[in-house]
Amino acid sequence: MLSKLKSFHLFSHSGSSTTPYMYKGNNLLLSAFHYMSLNHFCTTTGSPTTAESPELPDWVKFSQNNSPAGSDSDDDFVIPKLAYWAENQKHDHRSKVDGYVLRETIDSDIDKISELLKFRHSSADAVVQALGGCGVSVSESLVEQVLKRFSNDWIPAFGFFKWAKAQTGYRHSVNSYNSMVDILGKLKKFDLMWELVEEMDQLGGYVSLATMTKVMRRLARAGRWKDAIEAFRGMERFGVKKDTLAMNTLMDALVKENSVEHANDVFVEFKDSIPLNSHTFNVLIHGCCKARKMDNALKSMEEMKEHGFCPDVISYTSIVEAYCREKDFRKVDSVLNEMEEKGCPPNVVTYTIVMHALGKGKEISKALEVYEKMKGSSCVPDTSFYSSLIYILSKAGRLKDARDVFEDMTKQGAIPDVLTYNTMISAACMHSQEEDALKLLLKMEESSCKPDLNTYSPLLKMCCRNNRMKVLSALLNHMFKNDISLEVGTYSLLVHGLCKSGKLEHACLFFEEMVSKGLVPKDSTQKLLLKELEKKSMVEAKERVEKLMSQARQGG
């Protein structure tokens, strides 16, 4: 049953298929868009609905002739994590043309390598053998792109890495080694990961804090918190200094993976030997808030003062975020007032979190009042603020208002980014506006805004829901062309969606593909697939899935 589906080309990455849905770049999506239009797959929009509600601020009121209202969206929306948002305010000013020119130069070699790697090889050495004599000239750019494409499939990635390393005249860069370390850590191949770190050490100067950050984060992500701490303790043997930045990085990795207790252990162990800074305490405060341990968060804030550091906007915003999560807006207001009194006024991140929480709590009018308060404090909205505003308007069914904000934010000095486009695409998909969703993806690429995994998730879900299998195939190839590798969450989405739409053969194919990459499906995914197969009396397929799940657990 599975073998006969191989011709479906869900993963025909080469782009050489004879179907019109495998074209490169925008042509691929245009083909899918044309297909949908010809076959009446799109939900056509009608005439404008009633006027938008008057409480919307004037700055988003513009003449707009198109847009239907739709049902409420249940898609989750995650604004940037506070700690990272505060530290990553720099914009990327690189030329928009550079990446495209580079891509055109190496595209044929990438496709040639991808054709060889997409087959299921038994080992990395088998991949090396398969690549022998392929005639491709290796470069750092080629290696970087191939590793991105296969970042969730360690065997072809590692095999290609080993093969490239053996090519005459080529030497892996530090970045390439770090990428491979990250891939092995992501797929929990920790023995191989450490072997590669040792190899980097032998090369001299290759191991850096960036390398050890990837190691510590991957260990923490796997729940191996003590191993992550041991990696920090022993990093000086690789020539990496255990300083404040390194300690904060470790603590942040532990907090991010829900172990503020281990982060606090690190703090206690090293606070007398490594200088502390305000970020050290902010990591702890944020971690305690995330774990809903508000007493500990406030205690860390007091300890911060004792060490001579004044709580800053990040400290207070962590507290605000925690109270927002609990929908305790009285305490939110109290903290906002305290910030003003302490001479530490809320910033755009603080306001965005409050507005977003109010919007999710269906307090739309109060959410919109946040903007008025921002204006009064001379705080300028940024792209993430607008993205959050677009989300809550879309969730409330006010799609015209959301589109108005999207169209006008550039005039306000905020350029739409991947989060903005993802929000718009998700809203269009949830309201079954398939044509608009694809148009947004095209516009995104025309604006040189590179899609990510979250861009495609709602599109894939929509295709599964509406049985758009050819468009699904086109989108999967488009993802691959954008060097986006499928991971467990996306596979699960596809399996669940295809099960619900009755496409069990295709669901099985994705399940098998997931396991073959060494990814372990969630129990809920397996149970749903088995349940549906049992309903249809597909005994052979059910046994195959059970066998695959057993293999996945043994491998994981």
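This is a predicted model: local features need pLDDT of at least 70, side-chain atom pairs count only at pLDDT 80 or more; totals for chains, interfaces and linings use all residues.
I started at K443, which is partly exposed at 31% relative accessibility (buried is under 20% relative accessible area, exposed over 50%, partly exposed in between, with a 1.4 Å probe and protein chains only). Residues are numbered from 1 along each chain as its sequence is written, and side-chain values use heavy atoms, with hydrogens and water left out.

**Salt bridges**

Which residue does K443 pair with? I found its side chain in a salt bridge with E407, 3.7 Å from N to O (a side-chain nitrogen of Lys or Arg within 4 Å of a carboxyl oxygen of Asp or Glu). The pair links distant parts of the chain, with E407 in helix 20 and K443 in helix 22, 36 residues apart; helices are DSSP runs of H or I, at least four residues, numbered from the N terminus. E407 is also partly exposed, at 40%.

I then looked at R403 and D436, whose closest N and O atoms are 3.7 Å apart in another salt bridge. Here too distant parts of the chain are linked: D436 sits in helix 22 (residues 434–446) and R403 in helix 20 (residues 399–408), 33 residues apart. R403 is buried, at 14%.

Next I checked D227 and R224, a salt bridge at 2.8 Å between the closest N and O atoms. D227 comes out partly exposed at 32%, and R224 likewise counts as partly exposed at 37%. My search of the whole structure gave 31 salt bridges.

**Positive phi**

D483 has a positive phi near 60 degrees without being a glycine. I found D483 in the loop between helix 24 (469–481) and helix 25 (488–500), buried at 11%.

K327 also has a positive phi, about 60 degrees, and is not a glycine. Buried or exposed? K327 is exposed, at 54%, in the loop between helix 15 and helix 16 (329–341).

**Helix 13 against helix 15**

I looked up how helix 13 (residues 278–290) packs on helix 15 (residues 313–325): the angle is about 5 degrees and the axes are 9 Å apart. The two are therefore roughly parallel (angles under 35 degrees). Contact residues (heavy atoms within 4.5 Å) include I285 and H286 of helix 13 and S318 and I319 of helix 15.

Terms used. Axes are lines fitted to C-alpha atoms, for helices over the stretch in contact, and angles run from 0 to 180 degrees between N-to-C directions. Angles under 35 degrees count as roughly parallel, over 145 as roughly antiparallel, 65 to 115 as roughly perpendicular and the rest as oblique.
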